[in-house]
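Subject: Structure handover

Hi,

Here is the structure for your review. Please open it before reading on; my notes follow below.

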Amino acid sequence: MKEFHQLDIYWVDLEPTKGAETKKLRPCIIIQSDLVNTNSRTLIVAPLLPNHKAWPFVVNLTPSKRNNLDKDRHVNLKQLRAIDKSRIRKKQGKLESQYLESIKDALFIIFDL
């Protein structure tokens, strides 16, 4: 069985979608904890979209050798999705842990926790 880890970046098939949901095959970050990843058939992911945005619920990312991104992107935490692991395609890389606090801050804003 394949292991998935928090902050791994995978290409995910997000189709079919409805309305304003993020569409297509996109790189996504695994958001949920490793403990949950191990014991679940689903993953909670957030899509990566092109360019940087100045929105409080996004985290801007810069390409590096570790994350293997092709260009500046932002993770849109307002578009969290619970997906079946069968939607996972190729691994892209791993997001640096330096982004984790910003992700937590954005989730705090979204959920008003």
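What share of the contacts in the protein with a separation of 6 or more comes from residues 24 or more positions apart? The figure is 58%.

A caution on the source: this is a predicted model. Confidence first. The mean pLDDT of the protein is 93. A score of at least 70 is reached by 99% of the residues. Among the elements, strand S1 (residues 8-13) has the highest mean pLDDT, at 97. Helix H1 (residues 34-38) has the lowest, at 89.

Next, the fold. The protein has two helices and seven strands. Read from the N terminus, the order is β-β-α-β-β-β-β-β-α. The radius of gyration is 13 Å, and the globule rule gives 13 Å for 113 residues, so the protein is as compact as a globular protein of that length. The C-alpha trace spans about 35 × 35 × 25 Å along its principal axes.

Then burial and surface. Of the 113 residues, 43% are buried.

Last, charges. The protein carries 20 positive and 13 negative charges. How many Å apart are their mean positions? They are 6 Å apart.

That is the set of notes for the handover.

Best regards

Technical notes
Residues are numbered from 1 along each chain as its sequence is written. This is a predicted model: local features need pLDDT of at least 70, side-chain atom pairs count only at pLDDT 80 or more; totals for chains, interfaces and linings use all residues. Side-chain values use heavy atoms; hydrogens and water are left out. pLDDT is the predictor's confidence in each residue, from 0 to 100. Helices (H or I, at least four residues) and strands (E, at least two) are DSSP runs, numbered from the N terminus. The radius of gyration is taken over C-alpha atoms; the globule rule is 2.2 Å times the number of residues to the power 0.38. Buried means under 20% relative accessible area, exposed over 50%, partly exposed in between (1.4 Å probe, protein chains only). Contact means heavy atoms within 4.5 Å. Lys and Arg count as positive and Asp and Glu as negative; His and the chain ends are not counted. The place of a charge is taken as NZ of Lys, CZ of Arg, CG of Asp or CD of Glu.
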